[in-house]
Amino acid sequence: MSKMDNLRAMREAKYAESQKRAATAPARPVAPVAPPAPKRVEERAAESPATEDLCGHRNMSGRTCTRESGHPQKSHRYS
Ligand SMILES: [Zn+2]
């Protein structure tokens, strides 16, 4: 075996070893993801478009509540 072959063999052995180490290395620890905080009713109401799924409550003069269906507000809105 010539000196050059010897060097190459050594390099290849080192390379193989580093590959093996990379393969068996433990996976990067995944940062724990905190569950999203439950949204407040006001935020949920703001997200839903006003034109969709309306409360539909009618007042005495026949106007329809324009708030979203099941709105948390006690009063209805007829604007
Ligand atoms: Zn209403």
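This is a predicted model: local features need pLDDT of at least 70, side-chain atom pairs count only at pLDDT 80 or more; totals for chains, interfaces and linings use all residues.
Local features were taken at pLDDT of at least 70 and side-chain atom pairs at pLDDT 80 or more, whereas totals for chains, interfaces and linings use all residues. Residues are numbered from 1 along each chain as its sequence is written, and side-chain values use heavy atoms, with hydrogens and water left out.

The chain contains two helices and zero strands, helices (H or I, at least four residues) and strands (E, at least two) being DSSP runs numbered from the N terminus. Of the 79 residues, 8% are buried; buried denotes under 20% relative accessible area, exposed over 50%, and partly exposed the range in between (1.4 Å probe, protein chains only). Contacts are defined by heavy atoms within 4.5 Å. Among contacts between residues at least 6 apart in sequence, 2% join residues at least 24 apart.

For four tetrahedral donors the ideal angle is 109.5 degrees. C65 and H76 are 11 residues apart, both in the segment after α2 (41-47). C65 is buried, at 0% relative accessible area, while H76 is partly exposed at 27%.

Two salt bridges are present, each defined by a side-chain nitrogen of Lys or Arg within 4 Å of a carboxyl oxygen of Asp or Glu. In the D5–R8 pair, the closest N and O atoms are 4.0 Å apart; both residues lie in helix α1, three residues apart, about one turn of the helix. D5 is partly exposed at 34%, as is R8 at 46%. E17 and R21 form a salt bridge with an N to O distance of 3.0 Å. This pair also lies in helix α1, with a separation of four residues, about one turn. E17 is partly exposed at 43% relative accessibility, and R21 is exposed at 52%.

The accessible surface of the chain is about 7400 Å², 58% of it belonging to carbon and sulfur atoms; areas come from the Shrake-Rupley method with a 1.4 Å probe, and for residues only the protein chains shown count as cover. M4, L7 and M10 make a nonpolar surface patch of about 310 Å², and M10 is located in helix α1 (residues 3-24). Patches consist of residues with over 30% relative accessible area and no salt bridge, like charges being joined within 9 Å and nonpolar side chains (Val, Leu, Ile, Met, Phe, Trp, Tyr) within 5 Å.
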